[in-house]
Amino acid sequence: MKYRGLGRTGWKVSEISFGAWAIGGAWGDVDDTESIAALHAALDGGVNFFDTADVYGDGRSERLMARLRKERKEKFYVATKAGRRLPQQTVEGYSRKNLTSFIERSLKNLDTDAIDLLQLHCPPMEAYYHPEVFGILDDLVKAGKLRHYGVSVEKVEEALKAIEFPGVQTVQIIFNIFRQRPADLFFAEAQKRKVGILARVPLASGLLSGKITRESKFATDDHRLFNRHGEAFDRGETFAGVDFETGLHAVEELKALVPPKATLAQLALRWILEFPAVTCAIPGAKRPAQVAENIAASDLAPLSAGTMKKIRAIYDGQIKPLVHPYW
Ligand SMILES: NC(=O)c1ccc[n+]([C@@H]2O[C@H](COP(=O)([O-])OP(=O)(O)OC[C@H]3O[C@@H](n4cnc5c(N)ncnc54)[C@H](OP(=O)(O)O)[C@@H]3O)[C@@H](O)[C@H]2O)c1
């Protein structure tokens with residue numbers, strides 16, 4: 001495992017880290033015994049950064065992180081998020097009272113005195129025109145409740161606004177072979193301000209592992225069944241917002257580019273690591289075997305310029321028109 005500096009925090013985090021949404025919920029049935037085994041496998045493989053949220057399984061994912069902390073001695077960082085417990089996404093909801101109560105609840109779930117990294121959980125665009133929201137986070141850092149804070153965003157434009165606030169240490173954004181727009185302008189701007197970038201949904205919800213087919217069946221409580229058109233939350237969070245059929249077609253072309261002895265999931269993760277502006281990819285995983293496969297991407301040789309060009313051509317030809325106008 002290789003490590004990269006996270007923004008101005010002074011932390012070195014694993015370039016392949018761990019996304020803990022699926023072990024909380026909304027991805028079909030999960031078993032805590034298997035989830036905790038996946039978390040242990042991540043630590044065993046050198047992962048030292050985990051991304052969760054207060055809403056993942058209504059705290060279940062955060063509580064698994066607390067359990068991991070008890071069962072292991074190594075130092076690791078946990079990033080969580082706040083804002084999605086609001087019944088509606090309005091800037092008024094991001095009040096001192098609400099943020100403080102969300103954070104107190106996360107502290108309890110995580111069984112800790114201070115949150116390593118708190119991210120606003122895809123707040124509405126208006127939040128970036130209300131500096132007082134970020135002032136509240138500055139106060140919570142001063143009070144010792146948060147070590148650092150950042151934001152998770154849907155759109156590149158939100159990311160560009162977010163990094164205008166000097167306290168923002170990290171931006172979490174969807175970045176993968178099917179979502180290349182963040183690399184156009186945002187990465188350079190984030191690098192100028194030394195802001196860490198967490199590349200989420202790196203496998204396009206599993207589509208970029210190559211294992212999903214037209215025949216794949218998803219449980220009724222799996223967002224890959226119930227959110228394909230944004231029925232429950234931003235449709236960009238499901239298969240990166242790419243139409244299922246188009247995605248499957250592009251995946252078939254990507255399979256031809258997989259390096260010998262590697263897998264498509266590893267190619268997808270290695271592709272993200274080719275961008276030095278990215279601090280880490282945070283693939284979700286439910287099982288130790290997935291974790292081991294994902295971690296091994298850090299040891300793959302860099303992709304050739306030819307492979308990078310072919311991936312870009314697949315993206316430009318099939319995917320770009322579907323995603324650039326939206327995110
Ligand atoms: N708004 C936000 O802030 C937000 C939104 C989305 C995600 N996130 C964060 O980003 C993380 C990553 O995104 P994500 O979990 O949505 O999507 P992802 O990482 O693109 O996909 C994860 C899913 O792909 C499958 N998978 C993982 N490794 C695999 C492998 N090696 N081979 C085959 N399949 C594999 C697993 O599902 P199956 O085994 O069930 O197929 C896994 O749950 C989340 O866990 C969360 O921490 C944040």
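Modeller: Start with burial: buried means under 20% relative accessible area, exposed over 50%, and partly exposed in between, with a 1.4 Å probe and protein chains only. This is a predicted model, where local features need pLDDT of at least 70, side-chain atom pairs count only at pLDDT 80 or more, and totals for chains, interfaces and linings use all residues. Residues are numbered from 1 along each chain as its sequence is written, and side-chain values use heavy atoms, with hydrogens and water left out.

Biologist: Why is Cys122 called buried?

Modeller: Its relative accessible area is 6%. The limit is under 20%, so Cys122 counts as buried. Cys280 is buried too, at 0%.

Biologist: What makes strand 3 and strand 10 the edges?

Modeller: Strands are DSSP runs of E, at least two residues, and helices are runs of H or I, at least four; both are numbered from the N terminus. Two strands pair if DSSP finds at least two bridges between them. Eight strands form an open, parallel sheet in the order 3-4-5-6-7-8-9-10. Strand 3 (18-19) and strand 10 (280-281) each have a single partner strand, so one side of each lacks a neighbour in the sheet.

Biologist: How do you know that strand 8 and strand 9 pair?

Modeller: Five bridges link strand 8 (residues 168-174) to strand 9 (residues 196-200), in the parallel sense. The rule asks for at least two.

Biologist: Why are helix 3 and helix 4 called oblique?

Modeller: Axes are lines fitted to C-alpha atoms, for helices over the stretch in contact (heavy atoms within 4.5 Å). Angles run from 0 to 180 degrees between N-to-C directions. Under 35 degrees is roughly parallel, over 145 roughly antiparallel, 65 to 115 roughly perpendicular, and the rest oblique. Helix 3 (residues 96-110) and helix 4 cross at roughly 45°, their axes coming within 10 Å. The pair is therefore oblique.

Biologist: And what makes helix 8 and helix 11 roughly antiparallel?

Modeller: The axes of helix 8 (residues 244-255) and helix 11 (residues 305-323) cross at roughly 175°. The cut-off is over 145, so the two are roughly antiparallel. Among the residues that meet are His249 in helix 8 and Ile314 in helix 11.
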